[in-house]
Amino acid sequence: MRLIRLLALCTLPVASISAQGICRPDEDDNEAKLLAYFTAPIAFSPGGNVTALGTGRFRLGFEATYVPEPSAEISRSERCYANKTEDTQLSPVFPRPRIAVGLGGGWALEASYLPPVTVADATPNLGSIAISRLTNIGSAGLLLRAHATFGKVEGAITCPEDALQTSDVTRPCYGNQKSEDTYKPNMFGGEAAITFSNSARFTGYAGAGYTSLRPRFQVGFQDARPGVRYDDTRIIVDLNRISLFGGGVWQVAPKIGLLAELYSVPEDLTTFRVGANLGWR
């Protein structure tokens, strides 16, 4: 339930109440940095899917990613909004289910989906997909992987009901109708990792990746000030990021594994994921 609140709140600092049309912050602007910051925790990394799956075999997993709070510096908007600091009290955890299926020859297909169920005044419809190939060489292996995350979150993101006010025309969310906004955290990229195992119960991995970020945000708010037009500002950010990651899977039972992963985007943040998976045919 808190997942939807995370996706909704992470875009609050980039909304504009005065500009119309399209806002394209530079990569050094705080708005761009903040959008990049919050895409890192939802990047579709290996998440422990680093062991071979036979043809037609499935692996169901669930993971939780820690979401650290951004610094006060990048929380201050500067280009698409008034120069002010926003309250980014986000959920500290991003949960995600996933499924993987073996295609044969070391190939596997992975997917994750969050259905359009409205929670906390926001409706997600988000999916992630990846295809990978694992080549084993003795106790080591090479994992090559391509991934993408797409979809949207709709709802009162910039000006929810509890942020509306009609007492000060100079403050944000001056009006009595909550906003109708859309956030699209688009990203796609590729990764390579080395896997290693010193027993039948533990597999570790370490690697690096390159991701293109294409987040898009559409404001939808009717300001109550006389003569102010409906704010339908679009915020467009195009960025590229390098990631580093490493982790391991401990097989506590023949079909049950526990996983932990450290995931870092040096320009933005370092976080970690923990979870479990269940294999079956």
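Guide: Buried means under 20% relative accessible area, exposed over 50% and partly exposed in between, with a 1.4 Å probe and protein chains only. This is a predicted model, in which local features need pLDDT of at least 70, side-chain atom pairs count only at pLDDT 80 or more, and totals for chains, interfaces and linings use all residues. Residues are numbered from 1 along each chain as its sequence is written, and side-chain values use heavy atoms, with hydrogens and water left out.

Visitor: Is D28 buried or exposed?

Guide: D28 sits in the loop between β1 (22–23) and α2 (30–39); helices (H or I, at least four residues) and strands (E, at least two) are DSSP runs numbered from the N terminus. Its relative accessibility is 56%, so D28 counts as exposed.

Visitor: How does W250 count, buried, exposed or partly exposed?

Guide: W250 belongs to strand β10. Because its relative accessible area is 40%, W250 is partly exposed.

Visitor: Is R145 buried or exposed?

Guide: R145 is part of strand β6 (residues 140–155). Its relative accessibility is 4%, so R145 counts as buried.

Visitor: Which side chain does the side chain of R145 join in a polar contact of 3.1 Å?

Guide: A polar contact is a pair of N or O atoms within 3.5 Å; within protein, one must be able to donate a hydrogen and the other to accept it, and residues adjacent in sequence count only if both atoms are side-chain atoms. A polar atom of the R145 side chain lies 3.1 Å from the backbone oxygen of S45. The side-chain partner of R145, at 3.1 Å, is E110.
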